[in-house]
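Let's take a walk through a protein together. Have a look at the fold below, and then we will go from the whole chain down to single residues.

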Amino acid sequence: MRMRLLGLLVASITLTACGNEAPAGSGGGGGSPVGKSYLSVKVTEDRKDKQLAPGTRLRLDFGDKGGLGFNAGCNQMGGEATFDGGTLVMDAYGGTEMSCGTVEDAQEKWFGDFLTSRPTWKRDGDVLTLAGGSTTIVLKLRQLVEPDLPLDGTTWTVEGMVSDRDRVEHFATVPPAYITVDDGRVIGSTGCNQFQGTVAHTATTVPFGALTVTDKACTGDALRLQDGVLARLKGQLTYSIDHDRLRLRRPDGVVGLDLVAGK
């Protein structure tokens, strides 16, 4: 089965906001969080620890031009954000529209309501603190909470095939495709056939040459997944890693694959 995710955001958020960016050393203090990503390490309400949905953290992604993306464990959300002194101002937001369960959906709404309530912010080194009403959220730089996995030696499973800025295809009813890059070689599976080839990557690019692919017959979604994966693993691709997630993109920066560690 293929799903199409609709909304402002697909896999990661790059938003542009109009208004003022907080210059270093002003506003909330400790320098601006613009251009950085943070994950929650402590959340309190009424001076008591607030338990988040199991397996989730609150995430904030401050775009280089002031937009704010956020995630509470389900959808990718975001909107235009500005800084007014020590206050974070985001009046509205939008995003993808999946339901992840009653608890997760409620947590997402709670986080969105908090961010649009004009909380105060303060940055102290690697720590960002937001406070509003009876709620305080303490976050740390994402890279410190969840360090990036290495490209080499990690098995990356295809989570989605990106066709344009508003369309990601997921294939939930067929075996997953995956790749492993190690010691100048790439091996993997389309979910139907095995493949291998040679590859030499830099810190930001990974060029794929011709791949040798087994010839088992594939049909239906398995064939569509295979064709899509092989079509995207061609030529020089850019890549970026966000903890356990890998983004492969063509030079246009749009078409590519979203992958997650493990299989």
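Two residues are in contact when heavy atoms of theirs lie within 4.5 Å. Keep that in mind as you explore this predicted model. Among contacts between residues at least 6 apart in sequence, 58% join residues that are at least 24 apart.

Now for the overall picture. The protein has 22 strands and 3 helices. Of its 263 residues, 46% count as buried. Its accessible surface comes to about 13,000 Å², and carbon and sulfur atoms account for 50% of that area.

What lies inside? In soluble globular proteins, nonpolar side chains tend to be buried together. Here, the largest nonpolar core has 26 residues, and Ile179, Val229, Leu233, Leu246, Leu248 and Leu259 are those with the most contacts inside it. Several elements give two or more residues to this core, including β13 (155-164), β15 (178-182), α3 (220-232) and β22 (256-261). The biggest contributor is α3, with 4 residues. A second, separate core has 25 residues, among them Val34, Leu58, Ala81 and Leu130.

You can check the length of α3 yourself: at 1.5 Å a residue, its 13 residues should span 18 Å, and the end C-alpha atoms are 19 Å apart, which agrees.

Finally, find Leu259. Beyond its neighbours within four places in sequence, Leu259 is in contact with residues including Trp156, Val158, Ile179, Leu246 and Leu248.

Key: Residues numbered from 1 in each chain as written. Predicted model: local features only at pLDDT ≥ 70, side-chain atom pairs only at ≥ 80, totals over all residues. Heavy atoms only, no water. Buried < 20%, exposed > 50% of the residue type's maximum accessible area, 1.4 Å probe, protein only. Areas by Shrake-Rupley, 256 points an atom, 1.4 Å probe, with all protein chains shown as cover. Core = buried A, V, L, I, M, F, W, Y, C linked by side-chain atoms within 4.5 Å. Expected span 1.5 Å × (residues − 1).
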